[in-house]
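Student: Could you walk me through how to read a few features of a structure? I would like the general idea each time, and then the case itself.

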Amino acid sequence: MAELGELTLGGISVGMIYAAIGLSLVLIWRATRILNYAQGGMAMLTTYIALTVVSRTGSYWAGFAVALMAGLVLGGVIERTVIRPAENKPPLNAIIVTIGLLIFLEGLAGIIYGGQFRSFPAAFSITGLHIGSAALGISANDVFVAGAVLAAAALLAAGFRYTSAGLRLRAAAFSPPVARLLGVRVGRMLTLGWALAGLIGALAGVLVSPSTFLYPNSMDSVFVLGFTAAVIGGLDSPGGAVAGGLILGVALNYVGGYLGSDLVPLFGLAALAVVLMIRPSGLFSPAPARQV
Amino acid sequence: MTLLRHLAAAAVLALLIVILSIKLSAFRDYQIAEIGCYVAAVAGLTMLVGLSGQISLGHGAFMAIGAYATGLMLLHLHWPLEVVLAASALAAALSGAVVGVAAARLRGPYLAGATLMLAVALPTLAIRYAGLFGGDQGLSVTINTPGFLGPTFPLTRWQAWLTCGCALITLVVLANLARSRVGRSWRATGDDEVAAALAGLNVARLRVLAFVVSAACAGLAGALLAVTTSIISPGAFTLTLSIALLTGAVLGGLGTLAGAVWGSLVLVLVPTYVTDVAASHGLSSSAGSNIPVAAYGVVLVVVMLVFPDGIQGAVRRFRQLASRVLTLRGTPRGRAPASEHQEEGST
Amino acid sequence: MNRSHASRSRAYRSHSYTAHRAALPVIAAVAVLAMVVSACSSSSTGSSSGSKGGGLTASAPGITTTTITIGSHQPLTGVAAPGYSEIAPASNAYFSYVNAHGGIYGRKIVYKYLDDKYDPTNTVSVVKQLVLQDNVYAIFDGLGTPTHLAVAPYLNSQKVPDVFVASGCECWNAPSSWPQTFGWQLDYVREGKILGSYIKQHFAGQKIGYFYQNDEFGQDGVKGLDAEIPHADVVSRQSYDPTNINVGPQVAALKAAGAKVVVSFSVPAFTALLRLNSLKLGFSPTLVVSDVGADPITLAGLLEAYAKQGGATVSGNQLTQGIITDGYLPTLGDASNSWIALFKKIHDQYLPKLPFDGNVLFGEAVAYTFVQAMLKAGKNPTRADLVTAIQGGLPQGPVVAPYAYSATVHAGMTGAYIGVIKNGAIVQQGPVLVTDTSPTGAVTSYSGTPPAAPASGMP
């Protein structure tokens, strides 16, 4: 029974990381209809920058803030320089550009910071929390991670729905020509979308790196699961990304604990296949309006 | 007529490869063999993505199926090589059918996500059932040069001939398929699914067929890779391979078979070239070994931005420019000749 | 949205399919050009039959009157790179030291190590490049079991010496099928038996849990452990996949089974993860970790961030304190050991940016062994001379137990000592233990005195 509780809580905390990556992918998809394969790489680079700040200043929160800002800037810069020329071309071109970008970022990190493991601090204590003498199986840091991701998702959803910037972002993605006619600066909205995605990706990187240890390829496997979480939840729904992350995290934890860790990828595939066969656009995406 | 034209083209290429494989060193022969493997896989993928509009990030998994089928058959059944290669392609085709059916309703990034997970999860079967598949260490296979070539025929040259021969057969088959009714139907479904369905095409069946054909090509490529590298292990079929195949297809020119050749050339030759350049500058430290990685990424981005239609697109535009210059015909810039859209040839 | 989607989907395909019969000559021309350019730009270090310099001749491929060229495949980038990418530069540092002090009979060692990203397809490619294009004399310290298995048959068929493979697989000890291949490091089965015998002695009757990497490294280690530890004592066996950093489920399972001692055949990252997850679950078993996963410097680096947390209840050293492990090279912290002094001096001179950790020590020690073998092979060795030299047995050098090399055995080290991590360094406990790879072979102590490092630093 204790094991079930530990697996569930552990699954929630790791699922929140998948949700964070999924959120940034959803954001870019909603804003620019591009699948950003470099999302993990961007998060890795901003985390390295944060680590430099933390080791220079000794303050975790300074590094945290710098990482978020660096993510904002990096996302915007990438969109302006590298993605903008690819936006009116076949959509696969943009995916290949992001693949090239990922390879470049990983090489760049290796050149600047070296390929060895770096230890990234956690925001709060990692010792398990206890009720009385019973271990709960999560730590204060896990609670922080969950809270941060939920807050980001909530802010994002609220921003999309209730602010005029969010409305403009959605309009620019839905139909750029019509949005332009209505006075929306489509180019700026695209940059804003990527910048925000960079911010959330940076958040994910900082939250997950204590567990993965930081090295140029550290975000590769997290990205795959984050992408899967976004697909399960539906790429048009930020709430879906969070739900998808939670479902994936908990389910894979159960599989790992009760059936064996070598079945985890196969089970992930099975879960994805089941969800997509029932709802081909993810669990929470709006259903397609027309079918023949 | 089309078939004859394609066969003639294949014969010319085959002759070229034979000459190259004799003139170049053994290591270059090995690289030619690698290129042949990739051409088979990328050609199938470019048909799937470019014609029928279905993105697949999981073709490495089909290559793995073909490779493991080859390994198991060579180790346990001792069939002749041609039969083994064909059977491996068939095995991959069957799995392509399964995946195609499962993915028939998926579009865009959802299909991408599903195939991505396939690429990640399938090789783990080899570790789970290590008794059959050899686990992490994999299966070791060896082939020998056939007797009729003589005892001193270099193995690398035979491997080059074998893989390129199979690749050429694949290209001819795909070229004919693309020009046939099936190919036109694929293009129709890739263009506008709803219109195609309204026109009476069975969209689902066509999509599955595209998966089957492209998976067969990837399975053949995996089988060829197995006999070329002599090892079949899960470490060779990571997600990186699937991504590389898609990269090669798009970089070379999506939907074109010449693009498959360009893309394969880039995949095999550029990384070694970049590493050689880095090594000749004396960069052998750990940080220096990342420079070829970063450079390769830059190459991908730049080529994609400068040549949005891929390398074949650039070649085509260059030839148009050249022919316009040579015939002194002044077609205003920016307007492609209308006849282009109706021409159907392909390579 | 539908309209823009349709226009996008049309844009998936390129627009036209002009008859490409004319494209063939273009493709052909460019292909030839690409090949020729690559061929021209590649380095070709053929062996030159130059003039004799002091009786030196170009006696084998890769050997000239002035150089010996050897090659290797290493994971320099990619997911397997952290840690392992230090080994080849460390070997190169020792070779540079040797080159600066006269070389091998006056020849300088040129060490070409290429990146295979731990992908067997790349391994085949780079090894073929080294053998066919760069004409190396031998392949040295090829790293990784699945990767090296891809090239061992080829190297043996081409009669290229394949020495001191950087992997603990038993498979390198196969002189009848792979006469050119030699192992070096302590193989994982022996290591498992040595650790197992210690556990059997000191933790008899307690509940033992296994935590191991689900490949040949972990599985061979478990084979060795099972040869010594009574089956009834093992309450849980948890494997992990090196691409999945979430080991929470495995640790939860170990805790649920009540394991008091956890034996871990893991790489350092996963040893650290095991520790961190145990901390989270309030689980504190005694940890016994295999050599590669217990390097105190690497572990300290991985756990450093937790050591620095102000006011936190954990510190880096506390997390590694008490870990039991084994070692087949002298402990890093033992400054009085002549080998450590020598290798540290070389490290400080040639690799100041890298930490002096287990990987660097490994790289330098195996390079030293290669120089031993080359000196023994003679002044103008053929490839066969190197194989004969190793088969004749090598002096112990920096390793703590004798080598097993002979005409019928191509395995290297035979034993290790047990150590405990105290304050960030391994402290040896008891004598060096030696054993064989059979399940019934005994684990005995080795009482020979280890040789000291030569004053010149060269064998």
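**A guided reading**

Tutor: Let us begin with C:Thr437, which sits in the loop between strand 12 (425-434) and strand 13 (444-446) of chain C. Helices (H or I, at least four residues) and strands (E, at least two) are DSSP runs, numbered from the N terminus. This is a predicted model, in which local features need pLDDT of at least 70, side-chain atom pairs count only at pLDDT 80 or more, and totals for chains, interfaces and linings use all residues. Residues are numbered from 1 along each chain as its sequence is written, chains are lettered from A and ligands numbered from 1 in the order in which they are written, and side-chain values use heavy atoms, with hydrogens and water left out.

Student: Is C:Thr437 buried, exposed or partly exposed, and why?

Tutor: Buried means under 20% relative accessible area, exposed over 50%, and partly exposed in between (1.4 Å probe, protein chains only). C:Thr437 has 30% relative accessibility, so it counts as partly exposed.

Student: Which residues is C:Thr437 in contact with, leaving aside its neighbours within four places in sequence?

Tutor: Contact means heavy atoms within 4.5 Å. With those neighbours left aside, C:Thr437 is in contact with C:Glu170, C:Asp187, C:Val189 and C:Arg190. C:Glu170 is 267 residues away from C:Thr437 along the chain, yet their C-alpha atoms are separated by 8.1 Å.

Student: What would a buried position in chain C look like?

Tutor: Take C:Leu386, in helix 16 (residues 383-391) of chain C. Its relative accessibility is 0%, so C:Leu386 counts as buried. Beyond the neighbours within four places in sequence, C:Leu386 is in contact with residues including C:Tyr137, C:Pro161, C:Phe370 and C:Met374. For C:Leu386 and C:Tyr137, which are 249 residues apart along the chain, the C-alpha separation is 9.7 Å. C:Ser278, in helix 11 (residues 268-281) of chain C, also counts as buried, at 3% relative accessibility. Outside the four places in sequence on either side, C:Ser278 is in contact with C:Val251 and C:Phe283.

Student: How many helices and strands does chain C have?

Tutor: Chain C has 16 helices and 13 strands. Of its 459 residues, 61% are buried. Among the contacts in chain C with a separation of 6 or more, 69% join residues 24 or more positions apart.

Student: How do I read the overall dimensions of a chain, say chain A?

Tutor: The radius of gyration is taken over C-alpha atoms, and the globule rule is 2.2 Å times the number of residues to the power 0.38. For 292 residues a compact globule would have a radius of gyration near 19 Å, and chain A agrees, with 19 Å. Along the principal axes, the C-alpha atoms of chain A fill a box of roughly 65 × 50 × 35 Å. Chain A contains eleven helices and two strands, in the order α-α-α-α-β-β-α-α-α-α-α-α-α from the N terminus on. Buried residues make up 62% of chain A.

Student: Now helix geometry, please. What span does helix 11 of chain B have?

Tutor: The expected span of a helix is 1.5 Å times one less than its number of residues. Helix 11 (residues 203-229) of chain B has 27 residues and reaches 39 Å from its first C-alpha to its last, close to the 39 Å expected. This helix is mostly covered, with 23 of its 27 residues buried. Just after helix 11 of chain B comes B:Ser230, with a positive phi of about 65°.
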